[in-house]
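The sequence and the structure are shown first, and the description follows.

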Amino acid sequence: MVTATAATPLESELLRLAGSVPDPELPVLTLLELGVVRSVHLRGADAVEVEMTPTYTGCPAIEAMSLDIERVLREHGMREVTVRTVLSPAWSTDDITDEGRRKLREFGIAPPRVRAASGPVPLELGATRTLAADGERTAAPAGHAPGSGPVPCPHCGSDDTELLSRFSSTACKALRRCLACREPFDHFKEV
């Protein structure tokens, strides 16, 4: 997990302001809660540089995020605002704050599971459903995303969920359904 940094009280305030911008794809989260705003550095009395790491290299929302950060900081007296994209260290779902995870759950999106240790995320490719011997379709395996533990339903808390589609409204989310309450929901995939 990477923590956002600022050295001076003014930089801390500018970091708070830049981080308060809502994510354009998940407006329930701020950029600071999502963990993409990394640091703020003053470059003069009214000039600032913001370092931001996208959720993935080709993220289409990076331009909207940058423009929103520039607007907010200019509204608060910064004449010159530079938003610099930083790719290392890469963003990870571990960078989402506890508050961000809580907000995702309340919004009806299953937050990404927290990994016990850092390192590569295992990826197992396989069927989302299988055909049982009697011809019935079954989830494969119930409640689990490929290669990991159960994804609890954000509506009722049940671990009995199934994967409907590896992609949902954005590439970073999968579409799942709870087999207990029958409600569909998005799952923010682990990266």
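A contact means heavy atoms within 4.5 Å. By that criterion Ser92 touches Arg115 and Val191, residues up to four places away in sequence being left out. Ser92 is placed in the loop between E3 and H4. Helices (H or I, at least four residues) and strands (E, at least two) are DSSP runs numbered from the N terminus.

The model is predicted: local features need pLDDT of at least 70 and side-chain atom pairs count only at pLDDT 80 or more, while totals for chains, interfaces and linings use all residues. Residues are numbered from 1 along each chain as its sequence is written, and side-chain values use heavy atoms, with hydrogens and water left out.

**Overall make-up**

The protein has four helices and nine strands. Read from the N terminus, the order of elements is α-α-β-β-α-β-α-β-β-β-β-β-β. Of the 191 residues, 41% are buried, where buried means under 20% relative accessible area, exposed over 50%, and partly exposed in between (1.4 Å probe, protein chains only). Among contacts with a separation of 6 or more, 50% are between residues 24 or more positions apart.

**Strand pairing**

Strands of a sheet pair through backbone hydrogen bonds, either parallel or antiparallel. Two strands are taken as paired if DSSP finds at least two bridges between them. An open sheet of four strands has the order E4-E9-E8-E7, with mixed pairing. E4 (109–110) and E7 stand at its edges with a single partner strand each, so one side of each is left without a neighbour in the sheet.

| Strand pair | Bridges | Direction |
|---|---|---|
| E7 (residues 161–165) and E8 (residues 173–178) | four | antiparallel |
| E8 and E9 (residues 184–188) | five | antiparallel |

Leu175 in E8 stands opposite Ser165, and Leu175 also stands opposite Asp186 in E9. The bridge partner of Arg176 in E9 is Phe185. E8 and E9 form a hairpin with five residues between them. Arg182 is found in the loop between these two strands. Its phi is near 70°, a positive value in a residue other than glycine.

A further backbone feature is the cis peptide bond that joins Ser88 and Pro89, with omega about 0°. Pro89 is found in the loop between E3 (80–85) and H4 (98–107). Ser92, in that loop too, is buried because its relative accessible area is 11%.

**Helix H1 and the cores**

The buried residues of H1 (residues 9–19) are Glu11, Leu14, Leu15, Leu17, Ala18 and Gly19. They pack against H2 (31–34), E1 (37–42), E2 (47–52) and H3 (62–75). Leu15 lies in H1 and counts as buried because its relative accessibility is 10%. Leaving out residues up to four places away in sequence, Leu15 touches Ala4, Thr5, Ala6, Leu32, Val37 and Val40. Leu15 and Ser39 are 24 residues apart in sequence and 6.8 Å apart in space, C-alpha to C-alpha.

In soluble globular proteins, nonpolar side chains tend to be buried together. A nonpolar core is here a set of buried Ala, Val, Leu, Ile, Met, Phe, Trp, Tyr and Cys residues joined through side-chain atoms within 4.5 Å. The largest such core has 31 residues, of which Leu31, Met52, Ile69, Leu73 and Phe188 touch the most other members. H1, H2, E1, E2, H3 and E3 each supply at least two residues of this core, and its largest share, five residues, comes from H3. At least three of its residues come from each of domain 1 (9–85) and domain 2 (101–191), with bounds taken from an automatic or database domain assignment.

Ile69 touches Ala18, Val21, Leu31, Val37, Val50, Met52 and Val83, not counting residues up to four places away in sequence. Another core, of five residues, lies apart from the largest one; Ala110, Val151, Cys178 and Phe185 are among its members.

How many cavities of 30 Å³ or more does the structure hold? There is one. A cavity is a set of points, on a 1 Å grid over the protein atoms alone, where a 1.4 Å probe fits but cannot get out; lining residues have an atom within 4 Å of a point. Grid points are joined across faces, edges and corners, and a volume is the space filled by probe spheres set on the points. The largest cavity has a volume of about 50 Å³. Its lining consists of Asp23, Glu25, Leu26, Leu34, Thr55, Cys59, Met65, Cys172 and Phe188.

Notes: On a 1 Å grid over the protein atoms alone, a cavity is a set of points where a 1.4 Å probe fits but cannot get out, and a pocket is an open set with protein on both sides within 12 Å along at least five of seven lines; lining residues have an atom within 4 Å of a point.
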